[in-house]
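Please look over the sequence and the structure shown here before reading on. The report below takes up strand pairing and then salt bridges.

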Amino acid sequence: MTPPLFISWKRYQRRSDVLAEALGAEMVWRPHRAKGKLLRPGDYLAHARQDLARIRAERPRYVIAQTQPHFTALAPHLAGVPYVVDAHNGQFQSWWRRVPGTEQVLRGARLVLTHNREADRIARAAFPGLRTLVVHDPLREIPPASPRDWVFIVATAAPDEPMDVLIDAIEALPDVGFATTAPLHKLPEPLRERAARLPNLRTLGFLDLPDYEAALAGSRAVVVLTDREGCQPSGACEALSAGRPLVLSRTSTTEELFGSFATLVPNESVALAAGIREALDEDPTRAARIAAARTAWTARTAAELAELASALPAEVAP
């Protein structure tokens, strides 16, 4: 029996990468080939057929499937291989929870991993009695990098990211340089045009992981925005992994997870600009607070991973 597989129908997602590494699983990326959403079902079908063929041929001990979409878990479900679902918030907080087959796939899993206590509460409310386990993102240290004269914005132009607030704040801080890998071409046209005119915003495009980590680790500060409750932003974990000052949207979840060291702000342009100024100011206590937060996070995640391992099929000696 071969090692476990971790399947993600993404080009890259940090949580999947570090979680697979922590579990000793082989990471399987299935990036979309279809450009338009109307063609996406064809991608889903092709991915599912590839995954099913591989699982039947290799018979891994178990499979971890990142959702949404829940179709990533169809292959192990159909192959009769034990599987775990790593459920991102959209699985329970968007229309994906109502798509046919969702409940069957989720309830067929050994466990459904949620990312924090609030996300777990939302999952259990959506599917009462669901077998869940909270596993926060494992931290993998991001090494120091050459200093860059920019504030690094972690964004994907997703619906939960208030990009208009971000553009307003950048306009209000003309003396501060910013950089991002966000796909700004996905923004609505008026906002996209405003972003293109900003002289203090540098768009980096998609970066390979080492270059992305260097861009973040060398930054003056990191900005991550969300308006979704229960969201544990990967970018905030990256800032913690790199030991960088963090400016983050204030929610009950981000306050609980990152409040000991981050600058938390409401999703308002004036507050965001002030928060960025605060993060750029010298703070003699910041490094110690980040280090303490990282130590506590690592200890908690180790306990969660141990509980997860106890629920998974054991490796069979040859």
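## Strand pairing around β1

In this predicted model, F6 stands opposite M27 in strand β2. The chain passes from β1 through helix α1 (residues 14–23) to β2, and this β-α-β crossover is right-handed. Strands β1 and β2 (residues 26–29) pair in the parallel sense, with four bridges between them.

Strand β1 also runs parallel to strand β3 (residues 63–67), to which three bridges join it, and in β3 the bridge partner of I7 is A65. Within β1 (residues 5–8), L5 and I7 point one way while F6 and S8 point the other way, and all of these residues are buried.

## Salt bridges between separate elements

Across the whole structure, a search finds 19 salt bridges. In one of them, the side chains of R54 and E26 meet at 2.7 Å, N to O; because R54 lies in helix α2 (residues 40–58) and E26 in strand β2, the pair ties together parts that are 28 residues apart in sequence. R54 is partly exposed, with a relative accessible area of 23%, and E26 is partly exposed at 40%.

Another salt bridge joins the side chains of R194 and D168 (2.6 Å, N to O). This pair links helix α8 (residues 189–197), which holds R194, with helix α7 (residues 163–172), which holds D168, across 26 residues.

## A salt bridge within one helix

The side chains of D120 and R124 meet in a salt bridge of 2.8 Å, N to O, and since they are four residues apart in helix α6 (residues 117–126), about one helical turn separates them. D120 counts as buried at 10% relative accessibility, whereas R124, at 40%, counts as partly exposed.

Technical notes: Residues numbered from 1 in each chain as written. Predicted model: local features only at pLDDT ≥ 70, side-chain atom pairs only at ≥ 80, totals over all residues. Heavy atoms only, no water. Buried < 20%, exposed > 50% of the residue type's maximum accessible area, 1.4 Å probe, protein only. Helix = DSSP H or I, 4+ residues; strand = E, 2+ residues; numbered from the N terminus. Pairing = 2+ DSSP bridges. Right-handed = clockwise from strand over helix to strand, strands pointing away. Salt bridge = Lys/Arg side-chain N within 4 Å of Asp/Glu carboxyl O.
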